[in-house]
Amino acid sequence: MCLIIHKPNADTIIPQHILDNAETINPDGFGIVYTDTNECIRTMDYNHAHELIIAKRPFVAHYRYATRGTIDKATCHPYHVQDLIRLFSNGTVADLGDDKTCDTAVVADYLKRYKQDTWEAMLSMTETRFAITYPDGSVSRHGSWHEKDGIFYSKNNCFHTKQSTIGYHYGKSYSTRYQTYDDYWYDDEVCNTGTSFNTQPKDYDMSDTSSVYGTAPDHDMFSWQDINLVAVYGTLKAGRSNHIVLGNSSYVGAGKTVGKYAMQASGIPYVFEHEHRDQITVEVYELHEDNVRLSLDHLESHPTFYERKLTDIELTDGSVRTCWLYFAQVKPNDNMKYIHTY
């Protein structure tokens, strides 16, 4: 899902719990542009990333959670567009990119073909949040952002004060989802692709959850109530980009919700609890480890972006199991078609 932080004022301080959350939720690389000098640094070493982001300088920084492309320093944001203009993004852009190419690389390649005065209209075609840094130190933000104490965040799931028991915290051991990194690099050219930029029209921003939760939820919201079955859809299904988050969980079977809900997709799918249209097809897994449960909640930004709730699932063998399912905490789009599987 990623997180972009824009700090316009050099003297502003980002609270430590926000940095801890940003690092824990987004472990796949870090990049920063200091807007006072246009210096760009990318790193996979989160100890170094922490040192970079606490500097008393204005910047745009990016913590990556990979959904498209490889996980290495070459895919750390930002992406070079042209003439030391750089692009950051938070969100998956339609169906761009693949397991080797980040969707943001495709967008950057597309932007450089057109005049700058068209970029705003082009980037508004998707719900993804973008930031662009320019050599003169200016920054343009696109999409729905959250302002807190003069600092702008592309998502608000980093605001919670509840501390995670997994992942990275400064001064403690760090465990990435894949491997340990200790290298970093300064600005370089990032390979772009020639893929066309085919996005859906922007009708509303599904990522805007500011009206849902103004403060951190109660601790009970994070309880699994000794129920370790989860029904997944979208990128968590077998063979999809986020399936690895399920770790060593056991596959129980395919099925569909007993109750009728609504599903829409705009880059990623959303299931709406209070719209009753179709039975939603899912895959059910039994979770064995606490760190997997926590990782799922972090991935889905529970309970601000999606909220985990219990529902009954009918498996293909006819049995019914009570499972957790993540419901979107935004309103459906009246102009977007409904689907029942993704």
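User: What covers the buried residues of α3?
Analyst: The cover includes two strands, β5 (79-82) and β6 (85-90). It also includes helix α4 (119-123) and strand β7 (129-133). Keep in mind that this is a predicted model.

User: How many residues of α3 are buried?
Analyst: Nine of the nine, across residues 103-111, so the helix is largely enclosed by the rest of the structure. Among them are Asp 103, Thr 104, Asp 109 and Tyr 110.

User: Let's step back. How many helices and strands are there in the protein chain?
Analyst: Five helices and 18 strands. The chain has 342 residues, and 55% of them count as buried.

User: And the surface?
Analyst: The accessible surface is about 14,700 Å². Carbon and sulfur atoms make up 47% of that.

User: Back to helices. Which residues of α1 are buried?
Analyst: Ile 18, Leu 19, Asp 20, Asn 21, Ala 22, Glu 23, Thr 24 and Ile 25. That is eight of the ten residues in α1, which spans 16-25.

User: Is α2 enclosed or open?
Analyst: Largely enclosed, because six of its eight residues are buried. They are Tyr 46, His 48, Ala 49, His 50, Leu 52 and Ile 53.

User: Which residue caps the N-terminal end of α2?
Analyst: Asp 45 does. One of its side-chain oxygens sits 3.0 Å from the backbone nitrogen of Asn 47.

User: New topic: the largest nonpolar core. Which members touch the most others?
Analyst: Val 230, Tyr 270, Val 271, Val 284, Leu 296 and Tyr 306, out of 38 residues in that core.

User: Which elements supply at least two residues of it?
Analyst: The strands are β12 (229-232), β14 (262-266), β15 (268-272), β16 (281-286), β17 (306-315) and β18 (320-328). The largest share, six residues, comes from β18.

User: Take Val 271. What is it in contact with, beyond four places in sequence?
Analyst: Its contacts include Leu 325, Tyr 326, Phe 327 and Ala 328. Tyr 233, Tyr 261 and Ile 280 are also on the list.

User: What other core lies apart from that one?
Analyst: One of 22 residues, including Ile 32, Tyr 34, Ala 61 and Tyr 63.

User: Last one. What share of the contacts with a separation of 6 or more is between residues 24 or more positions apart?
Analyst: In the protein chain, 74% of them.

Terms used. Residues numbered from 1 in each chain as written. Predicted model: local features only at pLDDT ≥ 70, side-chain atom pairs only at ≥ 80, totals over all residues. Heavy atoms only, no water. Buried < 20%, exposed > 50% of the residue type's maximum accessible area, 1.4 Å probe, protein only. Helix = DSSP H or I, 4+ residues; strand = E, 2+ residues; numbered from the N terminus. Polar contact = N/O pair within 3.5 Å; in protein donor to acceptor, adjacent residues only side chain to side chain. Core = buried A, V, L, I, M, F, W, Y, C linked by side-chain atoms within 4.5 Å. Contact = heavy atoms within 4.5 Å. Areas by Shrake-Rupley, 256 points an atom, 1.4 Å probe, with all protein chains shown as cover.
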